[in-house]
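Colleague: I would like to learn how features of a model like this one are read. Could we take them one at a time, with the general idea before the case at hand?

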Amino acid sequence: MTDTIPGLSARKGAFRLLSSVLWQHRPLDMGLDRALQGLEGPDRALARAIASQTLRWMVDFDLEIDACTRKPLPQDARARLVLRMALAQLWVLKTPAHAVVSTSLPLVEAGPRRLVHGVLGRLSREDHVLPSVPLLPEPYATRWQETYGVEMADAIARATVTEAPLDIVFRSSEDEAQWAPEMGGETVVPGSVRLQDWQHVEELPGYDAGAWWVQDVAAQLPARLLNVKPGERVADLCAAPGGKTLQLAAAGAEVTAVDVSEARLRRVAENLERTGLKAETVARDARKWKAPEPLDAVVLDAPCSATGTIRRHPDVLHLKAVRNLKPLLELQRELIDHALKQLKPGGRMIYAVCSLEPEEGERQIEALLERNPNVVLDPISPEETGSLEALYDPKGWLRTVPGHLVEKGGLDGFFIARLIRQTS
């Protein structure tokens, strides 16, 4: 029986996971539990690795597959997906060819097994070396070349092929002094350490003591740039998974974390309890939540296409919903306008999105300033972010992109603007 083939269960899990992303348009993380049900340890890790590398190199794989067939296989053909997975194993994970063939053919089921076997036989015999820069799917390849230039677009693409490191944020300078030396790693920004190699987050030094939490270096910037003072009343809107809430609470602010998802807010509450930090959590649509009294500051990390997170989420560029920005742009506009109403005169707001699309960043803020003359930009200077690599616009906002800091593991892509609600 095919189920007795060593490693087949892991490949079946990877196939289910990829079909969930590519055919049902579900984010990779949302499909993990169902697709990998019953898989444990190495099999689960292998299934996820196959799926992840398939998504990272899919455009390149498709070119090779199409070069071996008389007419292209349909994009949603089972045989095409099996071949993509096979090339991820052969060329990226360096799996022996006999193991790839024996676990690929059963996945074809009633499809063209002879064709798949022939293509695999041809491609497995070739001494193939993948390029250093993978091809990006359209429209992103063209769009990012036009937005950031060819060199930076290539750097973004290059950043997608390696797993992102783990960034740790310390609760206090005392915690950093105590636990950072035990972790090793590298300091990229003050108060944080970057680990390139780790196994289980819960087993790292200081976890049980609540001394730190996990948060990408770029994702730390919105709360850092708010420059909160002890005792200030601050709202973290769209707060989950909660890194910004923890940063603001650690700085001494009186924080209210608002998020539409009760389940995601439970994770925020768990991290607050573990770290011993205090914040109020409110499960509500941020467009409908109203502060009991005017706030000193707001941080709004708005829902977005998340194209800046492709190092961690290679599925993003292949999800159908991400390509239609109109609903997201309207949601962002509503969130911005409502959030500003919660500020006292002179209050400040950070608007951030983990997106590389100008429509969600620069264009969104330009439209805000045009429709609301009572709001002004508070320019962000390079001195505020130290040695961290970023794109600083003369208008006062900044961008990080995955192509920054590549030699140290890269950054998530963020757009960040700091705004002030004027007194008159």
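Modeller: Let us begin with packing, where contact means heavy atoms within 4.5 Å, and buried means under 20% relative accessible area, with exposed over 50% and partly exposed in between (1.4 Å probe, protein chains only). The buried residues of helix 7 pack against helix 4 (58-66), helix 5 (78-92) and helix 6 (97-108), where helices (H or I, at least four residues) and strands (E, at least two) are DSSP runs numbered from the N terminus. This is a predicted model, in which local features need pLDDT of at least 70 and side-chain atom pairs count only at pLDDT 80 or more, whereas totals for chains, interfaces and linings use all residues. Residues are numbered from 1 along each chain as its sequence is written, and side-chain values use heavy atoms, with hydrogens and water left out.

Colleague: Which residues of helix 7 are buried?

Modeller: An α-helix has 3.6 residues a turn, so residues three or four places apart point the same way. In helix 7 the buried residues are V116, V119, L120, G121 and L123. Helix 7 itself covers residues 113-125 and reaches 18 Å from its first C-alpha to its last, close to the 18 Å expected (1.5 Å times one less than its number of residues).

Colleague: How should I read a pocket, and which residues are closest to the centre of the second largest pocket?

Modeller: Rolling a probe the size of a water molecule over the atoms shows where empty space is left. A pocket here is an open set of points on a 1 Å grid over the protein atoms alone, where a 1.4 Å probe fits, with protein on both sides within 12 Å along at least five of seven lines, and lining residues have an atom within 4 Å of a point. The second largest pocket holds about 320 Å³ of space, the volume being that filled by probe spheres set on the points, which are joined across faces, edges and corners. Of its 17 lining residues, V169, F170, R224, Q247 and A251 are the closest to its centre, and helix 12 gives the largest share of the lining, three residues.

Colleague: Why is C304 in no disulfide?

Modeller: A disulfide is a pair of cysteine sulfur atoms within 2.5 Å, and a search of the whole structure finds zero. For C304 the nearest cysteine sulfur is that of C354, 3.6 Å away, which is too far for a bond. C304 is buried, with a relative accessible area of 16%, and C354 also counts as buried, at 16%.
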